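Please consult the sequence and the structure shown here while reading.

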Amino acid sequence: STAYPFFGAHQAGITTPAQDRLHFAAFDLSATTSRDDLIALLKDWSFAAARMTQGQDVSESGAVNGSPLAPPDDTGEALNLPASGLTITIGFGPTLFTTDDGVDRFGIASKKPALLASLPRFSGDALKPGNGGGDLCIQACADDPQVAVHAIRNLTRIAFGRASIRWSQLGFGRTSSTSTSQVTPRNLFGFKDGTANIKAEDPMTVNDQVWVGTDDAAWLAGGSYLVTRKIRMIIEAWDRVMLGEQEKVIGRSKGEGAPLSGGTEFSPVDLEAEGAAGQPLIDSNAHVRLAHSSMTKGSQLLRRGYNFVDGNDELGRLDAGLFFISFQRSPQQFIDVQSSLSRDALNEYVKHVSSGVFAIPPGAASGSYVGATLF
Ligand code: HEM
């Protein structure tokens, strides 16, 4: 079983080959939490995360080695399970720096990156109030759902009295590959997703598009920005669409995932290619045309999303979709791509229901903690 190091120049869970399962949680800090409490929480989270990512329980006494007269430190459901590729990625929301009323609770308002602000409203957004945002976030990814859930459960428990969960999301069947060593998975529309993603094996693009450089807040250098969008997919409507139309909407074939301009899965998308009648082979409103970097001022994203099915709604439809996650060196890249998608043919079949944006600090040096560069 794979174990990824927790400590390093960058946090794990970004260019790490996308694992199969996700448990993502956003937290709000309690009204009584002080600056020192916040620092202590980040230290406690880093300590426990470093252990759990190596397949250990949250502390030395853990689930079963402590006093029989006290509740165990660790909840125990991951005992004897391997690390399962667990990564824990910690992020800071805009409200950590200043509340919506402009209050600087932790003396860090002056360090708020100018780019860290709630995303603008996009056409077609159907965001549910209270369904996104958060002071802090944790992305836990693993190849075993029990390991990912154990991580969020125990980090939530450690936060008790200091921070509590605002919202959380389970995901399965990664909808992106972030390494050329991975087979491209499929999303719930049945299409390969992640073909033209930024891959870890392309360090030039990763440096250019994913890691924050020295042009942003100094404490964030080597970090990134995380955007979450919970996208409900109206799969019953999609499932009644003819195959040829589905492929036209995406701009790729459903079986192979090849661009409709020709070639095989990894052939470059040719937006200029025309058919015999002079019509564009990749439709003018096709998803891959509008998301392509030539249409987004050069902005690219490292996509790392997951499928979700949260049961069904009151009309008996599956409450299903894509929990979209992307990493980029500036939230503006997401804004550029999402704005270009305003006339996406896919929009008839999807609705964005929640939104989040978080600054992802650089990785912690061995024995230090995530966020140390901020304080
Ligand atoms: C490409 C599906 C939402 C950005 C693709 C592809 C599929 C797909 C099937 C082609 C395979 C690939 O290259 O990965 C979907 C579905 C969505 C969705 C079903 C909603 C439920 C989004 C959103 C964004 C986005 C919200 C960003 C704002 C991209 C980008 C590409 C892409 C950048 C690569 C385009 C290229 O350069 O060829 N998507 N997508 N997608 N998607 Fe999406």
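## Basis of the description

The model is predicted: local features need pLDDT of at least 70, side-chain atom pairs count only at pLDDT 80 or more, and totals for chains, interfaces and linings use all residues. Residues are numbered from 1 along each chain as its sequence is written.

## Overall architecture

The protein chain contains 8 helices and 9 strands; helices (H or I, at least four residues) and strands (E, at least two) are DSSP runs, numbered from the N terminus. The radius of gyration is 21 Å, close to the 21 Å that the globule rule gives for 375 residues, so the chain is as compact as a globular protein of that length. Here the radius is taken over C-alpha atoms, and the globule rule is 2.2 Å times the number of residues to the power 0.38. Along the principal axes, the C-alpha atoms fill a box of roughly 75 × 45 × 45 Å.

Buried residues account for 44% of the 375 residues. A residue is buried if 20 or more other C-beta atoms lie within 10 Å of its own, exposed if 12 or fewer, and partly exposed in between, with C-beta atoms placed from the backbone. Of the contacts between residues at least 6 apart in sequence, 72% join residues at least 24 apart; a contact requires C-beta atoms, placed from the backbone, within 7 Å.

## Annotated domains

An unreviewed UniProt entry annotates residues 11–172 as "domain: Dyp-type peroxidase N-terminal". This span is 22% helix and 20% strand, and its end C-alpha atoms are 21 Å apart. The annotation "domain: Dyp-type peroxidase C-terminal", also from an unreviewed UniProt entry, covers residues 184–364. Residues 184–364 are 19% helix and 23% strand, with end C-alpha atoms 31 Å apart. UniProt positions are given in the numbering used here, feature names are shortened, and annotations may be inferred rather than shown by experiment.

Helix α3 (residues 145–158) has 14 residues and spans 20 Å from its first C-alpha to its last, close to the 20 Å expected at 1.5 Å a residue; the expected span is 1.5 Å times one less than the number of residues. Its buried residues are Val-147, Ala-148, His-150, Ala-151, Ile-152, Asn-154 and Leu-155. An α-helix has 3.6 residues a turn, so residues three or four places apart point the same way. The buried residues of α3 pack against β1 (21–29), α1 (35–52), β2 (87–92), β3 (136–142) and β4 (163–174).

The largest nonpolar core holds 87 residues, of which Leu-86, Ile-88, Ile-138, Ala-140, Ala-148 and Ala-151 touch the most other members. The largest share of this core, 7 residues, comes from α1. A nonpolar core is a set of buried Ala, Val, Leu, Ile, Met, Phe, Trp, Tyr and Cys residues joined through C-beta atoms within 7 Å. Beyond its neighbours within four places in sequence, Ala-151 is in contact with His-23, Met-52, Leu-86, Ile-88 and Ala-140.

## Strand β8 and its partners

In strand β8 (residues 318–328), 8 of the 11 residues are buried. Strand β5 (residues 224–233) is joined to β8 by 8 bridges in an antiparallel arrangement, and Lys-230 has Phe-323 of β8 as its bridge partner. Strands pair if DSSP finds at least two bridges between them.

Strand β7 (residues 306–312) also pairs with β8 in the antiparallel sense, over 5 bridges; Tyr-306 has Phe-323 as its bridge partner in β8. The hairpin of β7 and β8 has 5 residues between the strands, and Gly-316 there takes a positive phi near 85°. Strand β6 (residues 302–303) runs antiparallel to β8 and is joined to it by 2 bridges, with Leu-302 partnered by Phe-327.

## Selected loop residues

Most residues other than glycine have a negative phi. In the loop between α1 and β2, Asn-80 and Ser-84 have positive values, about 70° for Asn-80 and near 55° for Ser-84. Asn-80 counts as exposed because it has 6 C-beta neighbours inside 10 Å, whereas Ser-84 counts as buried because it has 23.

Ala-345 lies in the loop between α8 (331–340) and β9 (350–360). With 20 C-beta neighbours inside 10 Å, Ala-345 counts as buried. Ala-345 and Asn-285 are 60 residues apart in sequence, yet their C-alpha atoms are 5.4 Å apart. Not counting residues up to four places away in sequence, Ala-345 touches Val-249, Asp-283, Asn-285, Ala-286 and His-287.

Note on methods. Contact = placed C-beta atoms within 7 Å.
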